[in-house]
Amino acid sequence: MNLTRTILHRFDPELIHDLTIGTCAVVGKIPMLSGIIGQLFKYENENLETRLGNLTFKNPIGLAAGFDKNATAVSVLQSMGFGFIEVGTVTPKPQPGNPKPRLFRIKEEEAVLNRMGFNNKGIEALIDSLKKTERTVPIGINLGKNKTTPLSAAAAEYGLGMQKAWNLADYFTINISSPNTKDLRDLQKKENLRGLLEQIMKTRERLAQGDYSNKQIWLKIAPDLADADIESICNASLEAGIDALVVSNTTITRDIQDKSWQNQEGGLSGKPLFELSNEVLSKVIGCLGDRIPIVGVGGIFNWEDAARKLSLGARLVQIYTGMIYEGPGIVKRIKKGLAGHRSSLSNSLSSKDKKHILDSPND
């Protein structure tokens, strides 16, 4: 695996990513091959099952948005053992994204810098892919706005994505935190966010009445927020009735040794994001307590990293860059580590403490 990764990392990262997704899409159409992959990465433990509202997850490890933008590889990705998969970011209309090159590995830091710019085939293509996919885990759709759409019309675009894909998503994530679409992060500001969320939740209410179903709405935020902004986001999310906060997206800071990347535009992910995302996670938990569930994202490379975010108060976690550097076996390793950790914790606790600590994630 290390040799394969070394060879692959000699090539352009976007080319390798596209080839990986393309291969997964082909393999997913061959049930026997998907079954072999499923057996190779098979590991479940009932102690890892987690509930969030009306959704049940076999385990708390999800695949973050950005890996499978057009939902063409879901069949194979879910066989790798994820508890849930988030596809997208998808926009109402197809768009090419930012000029290439726009995806870079910073190997010494085990990081990735991207300025993709929501390149995707549009919501109709994603819907077509999901309609052909037999699903075994919850699927979330990460929604964005098109680059040319003004902020004043952003709510309508998020609502359009919800309307078109309503019957195919288990939840929707509203992406207002990518640094690669001009001014998008301004939607996180107090003067913009309340109105945006109000319109989105009204759209959900209308769609839910139409077919008597409900979908969770998650909100993905940036790690580069002032404390006052975090507080206003938490308050606005509470008022709107957001079902979960995803903490966090990539960072525009450059806490890395190689200074040649300092002036490169884009969002940084991977190990340099871990502590920053944890700081924001802690502040969000401090503001919200357990009133809104948190999904922890950023810099997870092993089960200890996942356990850290869960111990800080996250209910679920998502990985992306860790899989690029560690390979798909990372999911099984994290699950086994977490299961062993919870088992050891359970054995060391009194019966009263066991119930309080171990059962709380499944409330």
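Two strands pair if DSSP finds at least two bridges between them, and that idea opens the way into this structure. Strands here are DSSP runs of E with at least two residues, while helices are runs of H or I with at least four residues, both numbered from the N terminus. Before we start, please note that this is a predicted model, in which local features need pLDDT of at least 70, side-chain atom pairs count only at pLDDT 80 or more, and totals for chains, interfaces and linings use all residues. Residues are numbered from 1 along each chain as its sequence is written, and side-chain values use heavy atoms, with hydrogens and water left out.

Three strands build it in the order 5-6-11, with antiparallel pairing. Strand 5 (103–106) and strand 11 (267–270) stand at the edges; each has a single partner strand, so one side of each is left without a neighbour in the sheet. Neighbouring strands of this sheet are turned by 25 degrees against each other on average, direction ignored. For such angles, axes are lines fitted to C-alpha atoms, for helices over the stretch in contact, and angles run from 0 to 180 degrees between N-to-C directions. Strand 5 is joined to strand 6 (residues 111–114) by four bridges, and the two run antiparallel. Here Ile106 stands opposite Ala111 of strand 6. In the loop between strand 5 and strand 6 you will find Glu110, which has a positive phi of about 50 degrees although it is not a glycine. Glu110 is partly exposed, with a relative accessible area of 23%; buried means under 20% relative accessible area, exposed over 50%, and partly exposed in between (1.4 Å probe, protein chains only).

Eight strands close into it in the order 3-4-7-8-9-10-12-13, and their pairing is parallel. From one strand to the next, the twist averages 25 degrees. Strand 7 (residues 139–143) pairs with strand 8 in the parallel sense over four bridges, and Asn142 has Thr173 in strand 8 as its bridge partner. Helices accompany these strands. Helix 10 (residues 303–312) packs on the sheet, where it touches strand 12 (294–297) and strand 13 (316–319), and its direction makes about 145 degrees with that of strand 13. Helix 7 lies across strand 8 and strand 9, running at about 155 degrees to strand 9.

A nonpolar core is a set of buried Ala, Val, Leu, Ile, Met, Phe, Trp, Tyr and Cys residues joined through side-chain atoms within 4.5 Å. The largest such core has 80 residues, and those with the most contacts inside it are Ile141, Tyr158, Leu219 and Val284. Its largest share, seven residues, comes from helix 7 (residues 190–211). A second, separate core of 12 residues includes Leu52, Leu55, Trp218 and Ala244. Back at Ile141, and leaving aside its neighbours within four places in sequence, the contacts include Val87, Leu126, Ala165 and Tyr171; contact means heavy atoms within 4.5 Å.

The aromatic rings come next. A search of the whole structure finds eight aromatic pairs. Rings of Phe, Tyr and Trp (its six-membered ring) pair if their centres lie within 6.5 Å; planes under 30 degrees apart count as stacked, over 60 as edge-to-face and the rest as tilted. Phe84 and Tyr171 form an edge-to-face pair, 6.4 Å centre to centre with 65 degrees between the planes. This pair links distant parts of the chain, with Phe84 in strand 4 (residues 84–90) and Tyr171 in strand 8 (residues 171–175), 87 residues apart. Phe84 is buried, at a relative accessible area of 0%. Phe84 also forms an edge-to-face pair with Trp218, at 6.1 Å centre to centre and 75 degrees between the planes. That pair again links distant parts of the chain: Trp218 is in strand 9 (residues 216–221), 134 residues from Phe84. Ring pairs link Phe57, Phe84, Tyr171 and Trp218 into a cluster.

Finally, some details of the backbone. The peptide bond from Gly88 to Thr89 is cis, with omega near 10 degrees, and Thr89 has its place in strand 4. Another cis peptide bond runs from Lys100 to Pro101, with omega near -5 degrees; Pro101 is found in the loop between strand 4 and strand 5.
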